[in-house]
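Please keep the sequence and the coordinates at hand.

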Amino acid sequence: MMQLPKSFYESRRLTTLVENYTSYTMDEVAMHVFETHKIAQQVHLQFNTPVLASMLQGKKIMHLRDKQSFDFLPGESLILPANELMRIDFPEAKTDNATRCLAMEISEERIARVVQRMNEQMQRTDGREWNLMDYNFHFTNDGGIYQILQRLVYLFTENHPSKELFVTNMVQELIIRILQANSRKAYSAQSKSLASTHKLAYVIEYIKENIQRPISNEELAAKAYMSTSNFYKVFKNEMGCSPVEFINQERITKATQLLQNPDFNLTEVFMACGFTNRSYFNRVFKRTKNSTPKAYRDRFMAL
């Protein structure tokens, strides 16, 4: 769970139990930290610029236009377009256990400049251009995005004469990583339908079909008709992670599904997902889900 720096707590003042927030504003970007100390329903929130919302603590239930309501939990983020009306429930907020959420407003002009630079320097394998991010994109923060958000919280609350330059660089990286995460999710979700026309989609579909056994970079590079070094560079450029990291993410996704089935014991789960070592499976699962496989299963079965 992301921790806010001590300076934030020292500067804040509680003004309302439901919509208390602290804001820091710079050119084309702003950061707001919202705290809710009371159970509430159908609280409306809206921004006039695109926004990244990221949960820090507690739980929200989000109601968005044309989207089924969903739980919004720590470690997750949501990309929203300008003027999107959010209707939010706070089912667990308490005075001594606030629900906290970070909201980063980023101007469309800033996003467009980063996208233009990506198209100049990070060409995609299939010739498509990078575009503005998909909105209402709900995802779990990867390690890179998590660290950037932590750093931005620190920078916004720090009294440093160069902090606007620091923030500019971090926001650029944040936009790039979000676009890569969006690309990763799109390829993964549509790999079967795109496999005949997109090299990376074909590789990802191959990974899914062979997830239960060891898969090497050399094997994947051969499937993409690339050298191993070029394949690694292209994959990381578009997906935002290495092939091994992506394979592990897919294996953990499958593991979470199998753990919900009591017919599979823990040994059967990690072997079915392509892990050959139980301790390595436990480490990867805990790093990804912030829980051990056993604790995850126990919590699911208790629902």
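A residue is called buried when its relative accessible area is under 20%, exposed when it is over 50%, and partly exposed in between, with a 1.4 Å probe and protein chains only. The model is predicted: local features need pLDDT of at least 70, side-chain atom pairs count only at pLDDT 80 or more, and totals for chains, interfaces and linings use all residues. Residues are numbered from 1 along each chain as its sequence is written, and side-chain values use heavy atoms, with hydrogens and water left out.

Helices (H or I, at least four residues) and strands (E, at least two) are DSSP runs numbered from the N terminus. Helix α8 comprises residues 228–239. Its buried residues are Phe 231, Val 234, Phe 235, Glu 238 and Met 239. Viewed along the axis of α8, these residues fall within an arc of 105°, so they line one face of the helix; the arc is that of the directions from the helix axis to the C-beta atoms. An α-helix has 3.6 residues a turn, so residues three or four places apart point the same way. On the face of α8 turned away from the buried side lie the exposed residues Ser 229 and Lys 233. The buried residues of α8 pack against α4, α6 (199–209), α7 (217–223) and α9, where contact means heavy atoms within 4.5 Å. After α8 comes Gly 240, with a positive phi near 80°.

Helix α11 (residues 278–289) buries Phe 281, Val 284 and Phe 285. These cover an arc of only 100° around the axis, which puts them on the same side of α11. Their packing partners are α9 (243–259), α10 (266–272) and α12 (293–302). Just after α11, Asn 290 adopts a positive phi of about 55°.

Met 122 belongs to the loop between α2 (108–121) and β10 (137–140). Its relative accessibility is 14%, so Met 122 counts as buried. Neighbours within four places in sequence aside, Met 122 is in contact with Arg 117, Trp 130, Ile 176, Gln 180 and Asn 237. Its C-alpha atom is separated by 9.1 Å from that of Val 234, 112 residues apart along the chain.

The second largest pocket contains about 240 Å³ of space. Among its 15 lining residues, Arg 124, Arg 128, Asn 182, Ser 183 and Ala 186 are the closest to its centre. A pocket here is an open set of points on a 1 Å grid over the protein atoms alone, where a 1.4 Å probe fits, with protein on both sides within 12 Å along at least five of seven lines; lining residues have an atom within 4 Å of a point. Helix α4 (residues 163–189) supplies the largest share of this lining, five residues.

Methods:
Grid points are joined across faces, edges and corners, and a volume is the space filled by probe spheres set on the points. The expected span of a helix is 1.5 Å times one less than its number of residues.
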